[in-house]
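Please look at the sequence and the three-dimensional structure shown here before reading on. The paragraphs below are intended as a guided reading of selected parts.

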Amino acid sequence: QWLSDRKKRALQKKDVDIRRRIELIQDFEMPTVSTKIKVSRDGQYIMAVGTYKPRVRCFDTYQLSQKFERCLDSEVITFEILSDDYSKIVFLQCGRFVEFHSQHGHYYKTRIPKFGRDFSYHYPSCDLYFVGASSEVYRLNLEQGRFLNSLQTEASESNVCDINPVHFLFAMGTAEGKVECWDPRTRNRVGLLDCALSSVTADTEIEGLPSISALKFDGALNMAVGTSTGQVLLYDLRSSNPLIVKDHHYGLPIKSIQFQHQLDLIISADSRIIKMWNKDTGKIFTSMEPEHDINDVCLYPNSGMLMTANEAPKMNIYYIPVLGPAPKWCSFLDNLTEELEENPESTVYDDYKFVTRKDLENLGLAHLIGSSLLRAYMHGFFMDIRLYHKAKMMANPFAYEEYRREKIRQKIEETRAQRVQLKKLPKVNKELALKLIEEEGEDQQFSKKRKQKNMPSLLKDDRFKVMFENPDFQVDEQSEEFRLLNPLVSKISEKRKRKLKILEELEAQGQEEEEEPEGKASDAESSESSDDEKGWVEEVRKQRKLLRQEEKLKRQERLKEDQQTLLKPQFFEIKEGEEFRSFKDSAKKQKLMKKTLEDRLKLEEKLGTLNVSDTTVGSKQATFKLKKSEQQRKQQEAEKRHRQERKTLRRSASHLKSRRGRGQLFH
């Protein structure tokens, strides 16, 4: 951009890349923004709509120039070419207007009841199906010239629609994340897909309910659905589950979906990126990120050409030879790409050197910032390569000597690498690291002989890096677990080394690894394995015996320490209102609290404070007696004695009365 015209002309003479930088279609642009772009069925005309002012432009590919331009009253949401050429076009505009154009220009204009967002043309019945900010799908018959009964859906709003080109099934994507399929012949709904639920997978993060933003049929059975959260779902119409879910990982609505049949690719685009991926495996083929936001993508039929409508005046044209040949109106692109592959040329920036501000300070050229000798670019500057070499020679005249010393040092390092190198062991778990290094060396030798892939090393794995750096992960060889497991580990390593040795002998003798070694039958191997097991069991028993002896010695030492220690008296404060009995009660309570519920219930049953009995239903019934305090117990005993005394007094009084009565009667 900052090159002068004279420099550009010189570059065009010298640089093949600039000389071949051609403009396929003259003035292929819009005044401000382009929103939609389509190709006619005969492939001769490319039509695009944009702003400002709202307009439509038609480009003739045979003439490689613009054919006509028509201005409109309001912005175009989408449009459809009904004929093979540009003679019949329908525009859906933002003011609820539907405008029809013929070959000569404007033909007719009408309105729909609600704001429209998309429409599709049903060829067998000449019906236009409009979807938008309504639960109804409006039908306009172009043969009769009138509106027909609308389709009543369950959706609150609809965003996109499409008609299958084979069996003419009508599908519409709703704001609730569902796809409704209708049969135009019976005007009944025949299917419902919940794409919002299927788009949420384990590795996707979404915010809000995914609505349908793009819809495209492929053949009779396949359908691709794009969501507002950046996922593309590929469906087979015979199944309600998606075949594959592809996430753009940008969280932006999918704007366009196209099918490329030669390589079985799906071309999906949001406002930031265009992705091409295999529809069977989901593997990315390639991706493109234009400079400006994308509004629409159009794939030229049966070719490798791709056109985009952007948030910029210029509409981009991409040619990818792998996708297919160039269109017949620009077949010279194939020859140009072949020559470019054969003769790679230098870039425009070969005469310039990119330097940062720090590089300029090192060269002593910081005072040139702001002058014409430096061109600001990103985080640095472009400067002439000749000026850079001169400044570097003046700043460092001994650069060649440094280069020579660096080369000599590299040669010495290469010779050192051929010598025997000492392997540095980590600070933590040195024994384990040494063992892993030895095993890795044995595995590498064995895999080289058998031509197998080497397994990844534990020492180089980031997941286990902390085990050789953090002292908390140090293996305690004196612990009980290590001493019990060590015999088993050592036996396994010995068995593994013996097996490797046997396999090496088999290979040396030219035998297959499935055959048994000569002079050793299978029963001999089984007896050997049983001997190994016996030896391991004996070693474990020996370690257990040593552990028990060590534990016994520790207990004796603790007992001696307890006997030698002098117990100091401890004083405890009794709270007001409490009565001191003994320390045994608190100790009993603590022991009782440590016991399980079952043990406590058994103890309560023995003491008589708990009674457990079976009921008629088959369940258990437990009766508890609350423990009473000492004061309550004394009071109850006093009351009991008082009742007994009164009872004896009443008995004696009644006895005296009876005797007195009998005496009077006798008298």
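The text below treats strands, sheets and a few individual residues in turn.

This is a predicted model, in which local features need pLDDT of at least 70 and side-chain atom pairs count only at pLDDT 80 or more, while totals for chains, interfaces and linings use all residues. Residues are numbered from 1 along each chain as its sequence is written, and side-chain values use heavy atoms, with hydrogens and water left out.

Helices (H or I, at least four residues) and strands (E, at least two) are DSSP runs, numbered from the N terminus. Strands of a sheet pair through backbone hydrogen bonds, either parallel or antiparallel. Two strands are said to pair here if DSSP finds at least two bridges between them.

Six bridges connect β1 with β2 (residues 45-51) in the antiparallel sense, and Ser34 has Gly50 in β2 as its bridge partner.

Where does Thr61 lie? Thr61 belongs to the loop between β3 (55-60) and β4. Thr61 counts as buried because its relative accessibility is 1%; buried means under 20% relative accessible area, exposed over 50%, and partly exposed in between (1.4 Å probe, protein chains only). Apart from neighbours within four places in sequence, Thr61 is in contact (heavy atoms within 4.5 Å) with Gly43, Gln44, Ile46 and Trp329. The side chain of Thr61 also reaches the backbone oxygen of Gly43 at 3.5 Å.

Six of its six residues are buried, so β19 is largely enclosed by the rest of the structure. In a regular strand the side chains alternate between the two faces of the sheet. Strand β18 (residues 222-227) pairs with β19 in the antiparallel sense over five bridges, with Met223 opposite Tyr235. These two strands, β18 and β19, form a hairpin with three residues between them, and Gly230 in the turn has a positive phi of about 95°. Strand β19 also pairs with β20 (residues 244-247), antiparallel and over four bridges; here Gln231 stands opposite Asp247.

Another open sheet has three strands in the order β28-β30-β29, again with antiparallel pairing. Its edges are β28 (352-356) and β29 (374-377), each with a single partner strand, so one side of each has no neighbour in the sheet. The twist averages 35° from one strand to the next. Five bridges join β28 to β30 (residues 380-384), and Val355 has Phe381 in β30 as its bridge partner. Helix α6 (residues 385-395) lies across β28 and β30, at about 95° to β30.

Cys58 is buried because its relative accessibility is 0%, and Cys298 is buried at 9%. A search of the whole structure finds zero disulfides, a disulfide being a pair of cysteine sulfur atoms within 2.5 Å.

Key:
A polar contact is a pair of N or O atoms within 3.5 Å; within protein, one must be able to donate a hydrogen and the other to accept it, and residues adjacent in sequence count only if both atoms are side-chain atoms. Axes are lines fitted to C-alpha atoms, for helices over the stretch in contact, and angles run from 0 to 180 degrees between N-to-C directions.
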